[in-house]
Amino acid sequence: MGANQISIRQLDLVLHRNTSTESPTVAAMGDQALDDDAANAANAANISWQRGVFDAHCHPTDTMSSIDHLPAMKAKVLTIMATRREDQALVDQVAARFPLSDTDEYKHSASKFVVPAFGWHPWFSYQMFDDRSAYEIPDAMTHYKTVLTPKVEDVAFLKTLPEPLSLAQFLTETEARLRKHPFALVGEVGLDKSFRLPQEWLPDEAQSRDPSLTPGSREGRRLSPYRVQLAHQKVILEAQLRLAGKLGRPASVHSVQAHGAVHEVLQSLWAGHEKMSSRQKKRRSSAAGAHAADDEDKIHQGPSSPLPFPPRICMHSYSGPADFLREFLNHKVPIDVYFSFSDVINFSGPSSEKAIDVVKAIPDSKILIESDLHRAGAEMDGRLGSAFQRVCDIKKWSYERGAEILGRNWRCFVFGS
């Protein structure tokens with residue numbers, strides 16, 4: 001059994017040693033159960049938490065009672081996503097409680113830190129109307145009949161939907177939050193062709209719902225037949241990506257059965273800003289050509305003049321095929337594209353074999369890990385640690401090397417190169 005080949009039970013002992021509620025005697029018994037190889041792996045994993053096991057995408061504000069567990073977690077930094085009207089202020093609040101003030105602070109402190117992300121998830125895009133150039137605000141019924149598909153004839157269902165919000169106002173509020181938090185991302189944003197709106201709560205469901213959960217998500221409700229039209233999702237996504245470009249912030253992107261459509265939106269935004277090939281750069285030996293190359297490099301540092309697209313994006317819990325990677329990683333693409341992987345989405349179930357092929361195909365410098373979990377604490381550490389182990393094993397990295405690579409990638413994604 002190699003250094004990275006440990007069982008799930010052994011991995012749990014490694015990941016939860018410092019956050020376990022077990023008695024010292026039980027913990028000691030667990031440590032004794034590790035064989036020599038697993039003990040070496042455990043030591044490497046403990047080093048890894050400090051060096052680069054950072055969560056690139058998670059949702060602990062869905063369970064606000066779990067935030068008190070964050071200081072005891074192994075993971076030093078959580079990148080926490082906002083998704084809907086109910087959690088924007090919560091992510092702001094948690095980021096203020098665990099602030100990151102500079103790009104090196106987390107390296108030298110025993111504290112835990114939060115990098116916030118503010119955005120509107122495609123699942124909730126129907127709740128937004130585009131009033132950036134409109135003079136009349138649509139009534140709720142008209143709006144929902146316009147953006148949902150198939151056409152909604154069920155008036156009772158429409159009446160259960162919340163009052164739609166102004167996209168213009170949301171962008172203004174989000175820009176203020178991004179400026180308040182200098183390292184904040186735009187996210188979670190994206191496109192989703194498979195999502196269907198949930199039905200209204202049945203009386204018995206409403207009575208039994210978990211009050212500790214932040215309202216607004218599905219929470220196990222039955223699904224309706226209605227989806228959000230892709231054209232409307234694209235409007236909401238494009239507006240947020242433009243905001244990310246305006247402020248030079250990275251974006252965390254959700255994509256389900258919509259990788260081509262996401263690429264189309266991005267391509268429409270970067271049109272005219274494509275990078276030159278090495279051959280083109282050599283041909284442009286004039287001073288003007290040299291300046292053009294310099295301007296191109298500034299895209300990745302955060303340009304002095306706004307661009308209509310983010311400098312960096314992460315395709316979170318990437319579920320697309322390996323052969324589509326070339327579209328995002330083409331040398332002409334002026335955006336640094338990263339791909340993150342989670343245990344719960346990518347390495348569980350029948351899609352895990354595809355994920356393995358994708359991880360193998362992604363350049364080492366473009367991969368991230370995440371928990372995508374909805375509560376902070378030991379389980380989040382466990383999910384993140386499992387994703388870390390899977391990626392290291394697939395890439396044939398030692399844990400120490402994997403932590404160095406993944407930590408560097410996270411820093412480049414969040415802070416820029």
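## Terms and model

A residue is called buried when its relative accessible area is under 20%, exposed when over 50%, and partly exposed in between, with a 1.4 Å probe and protein chains only. The model is predicted, so that local features need pLDDT of at least 70 and side-chain atom pairs count only at pLDDT 80 or more, while totals for chains, interfaces and linings use all residues. Residues are numbered from 1 along each chain as its sequence is written, and side-chain values use heavy atoms, with hydrogens and water left out.

## Helix H15

In helix H15 (residues 352-361), the buried residues are Ser 352, Ala 355, Val 358 and Val 359. Seen down the helix axis, these residues fall within an arc of 115° and so line one face of H15, the arc being that of the directions from the axis to the C-beta atoms. Glu 353 and Lys 360, on the other side of H15, are exposed.

## Aromatic pairs

Rings of Phe, Tyr and Trp (its six-membered ring) pair if their centres lie within 6.5 Å, and planes under 30 degrees apart count as stacked, over 60 as edge-to-face and the rest as tilted. The whole structure holds 16 aromatic pairs. In one of them, Phe 328 and Phe 339 have ring centres 6.1 Å apart and planes at 75°, so the pair is edge-to-face. Phe 339 counts as buried, at 0% relative accessibility.

The rings of Phe 388 and Tyr 399, with centres 5.4 Å apart and planes at 40°, form a pair that is therefore tilted. Both Phe 388 and Tyr 399 are buried.

Technical notes:
Helix = DSSP H or I, 4+ residues; strand = E, 2+ residues; numbered from the N terminus.
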